[in-house]
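The sequence and structure are shown first.

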Amino acid sequence: MRNTGPIAIRRLHPLFGAEVTGIDITRPLSAREFGPLRAAFEEHSVLVLRDQPMDDEKQIAFSENFGPLEPTLSANPAVGTVFARQSNLDINTGETIPSDDMRMIYQKANYFWHSDSSFKPVPSLCSILTARLCPPEGGDTEFCSMRAAWNALPAALQATVEPLVAEHALVYSRNRVQPGILSAKALSDYPPVRQRMVRDNPLNGRRALYIGAHCGHIVGWPRGTSDALLEELTLRGTRPEFTFAHKWREGDVVIWDNRAVLHRATAYDTVKHKRLMQRTTVAGDAPTVPQ
Ligand code: OGA
Ligand code: MN
């Protein structure tokens with residue numbers, strides 16, 4: 001496909017998400033070709049592009065249109081690259097990893113609603129996940145609009161949350177899977193950071209609630225009150241009407257705005273089926289609050 005015509009956008013949900021067609025993102029894009037895609041990203045928060053078979057090199061080239069990429073976490077098997085590998089296949093042998101292996105248990109943190117890299121001092125702009133091998137059933141990725149979540153909060157609750165700052169850390173999401181699961185090295189590599197609890201899109205001003213599994217507690221609040229508010233915001237914010245599930249096909253590329261949505265993985269039969277997804281993560285440009 002030559003990128004000569006305009007892109008077409010089909011909404012996937014009344015509130016957010018769009019499928020984009022009419023563009024081949026596996027080949028280099030000019031600024032003029034990329035512009036409409038970037039605009040669609042700012043508007044729709046989640047973009048789905050199908051039949052875009054990626055390899056690592058092409059994925060990096062495409063992802064860099066959005067900005068510099070984050071390096072892989074030290075705890076990820078693809079360490080030393082820019083890829084977060086979501087897979088049940090051993091990176092060296094390609095064999096299925098047994099379900100009681102720590103590498104599989106660790107991935108269960110993805111089952112909780114989260115925003116990638118919210119535990120970093122400068123949180124990410126977006127994530128780009130490409131489907132290399134898909135199970136025939138299960139393994140969907142779900143998305144939840146945090147703009148919808150914010151808009152649905154009663155005004156008094158919005159006023160309470162607006163000035164708040166929360167502490168985020170990798171240890172908070174990992175402890176939800178199994179307390180103590182994070183290695184001492186990962187603990188010291190990723191100390192807690194502070195994030196505003198609301199984020200305003202710098203281009204269109206649309207406000208989003210900023211919470212998720214890495215969010216541990218509200219700065220300056222007693223533990224019980226903080227836990228109660230975070231629980232309430234999570235319940236109110238992740239209502240089914242604000243979510244949709246992406247059912248993966250090989251060749252799919254999904255781009256999501258970590259400033260404006262939460263996402264989570266869903267289960268699949270990791271013994272019977274193979275799943276290999278590669279994620280690149282585009283760095284953000286500023287902290288949400290002074291550290
Ligand atoms: C991710 C992620 C979900 C999935 O790549 O950041 O959360 O379904 N993935 O693999
Ligand atoms: Mn994720």
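In what order do the three strands of the open sheet stand? The order is 12-6-14, with antiparallel pairing.

## Basis of the values

The model is predicted: local features need pLDDT of at least 70, side-chain atom pairs count only at pLDDT 80 or more, and totals for chains, interfaces and linings use all residues. Residues are numbered from 1 along each chain as its sequence is written, chains are lettered from A and ligands numbered from 1 in the order in which they are written, and side-chain values use heavy atoms, with hydrogens and water left out.

## The open sheet

Strand 12 (243-246) and strand 14 (261-265) are the edge strands, each pairing on one side only. From one strand to the next, the twist averages 20°; axes are lines fitted to C-alpha atoms, for helices over the stretch in contact, and angles run from 0 to 180 degrees between N-to-C directions. Helices (H or I, at least four residues) and strands (E, at least two) are DSSP runs numbered from the N terminus, and two strands pair if DSSP finds at least two bridges between them.

Strand 6 (residues 141-145) runs antiparallel to strand 12 and is joined to strand 12 by four bridges. Within this pairing, Thr141 stands opposite His246 of strand 12. In general, strands of a sheet pair through backbone hydrogen bonds, either parallel or antiparallel.

## The manganese site

Which residues coordinate the manganese ion (ligand 2)? His114 (NE2), Asp116 (OD) and His263 (NE2) do so, at 2.1 to 2.2 Å. Donors are N, O and S atoms within 2.8 Å of the metal (3.2 Å for Na, K and Ca); water is not among the atoms, so sites may look incomplete. Along the chain, the donors of the manganese ion (ligand 2) follow the spacing H-x1-D-x146-H.

His114 has a relative accessible area of 4% and is buried, and Asp116 is buried at 3%. Buried means under 20% relative accessible area, exposed over 50%, and partly exposed in between (1.4 Å probe, protein chains only).

## Cysteines

How many disulfides does the model contain? The count is zero, where a disulfide is a pair of cysteine sulfur atoms within 2.5 Å. The closest cysteine sulfur to that of Cys215 is in Cys144, 15 Å away, which is too far for a bond. Cys215 is buried, at 4% relative accessibility, and Cys134 also counts as buried, at 15%.

## Salt bridges

The count of salt bridges is 22, a salt bridge being a side-chain nitrogen of Lys or Arg within 4 Å of a carboxyl oxygen of Asp or Glu. One of them joins Arg50 to Asp252, with the closest N and O atoms 2.9 Å apart. This pair links distant parts of the chain, 202 residues apart: Arg50 is in the loop between strand 3 (46-49) and helix 2 (56-63), and Asp252 in the loop between strand 12 and strand 13 (253-257). Arg50 is partly exposed at 22% relative accessible area, whereas Asp252 is buried at 0%.

Asp56 and Arg132 meet in a salt bridge of 3.0 Å, N to O. Because Asp56 lies in helix 2 and Arg132 in strand 5 (residues 126-133), the pair ties together parts that are 76 residues apart in sequence. Asp56 is partly exposed, at 33%. Asp101 forms a salt bridge with Arg103, the closest N and O atoms being 3.0 Å apart, and Arg103 is partly exposed at 34%. A network of salt bridges links Arg38, Glu42, Asp257 and Arg259.
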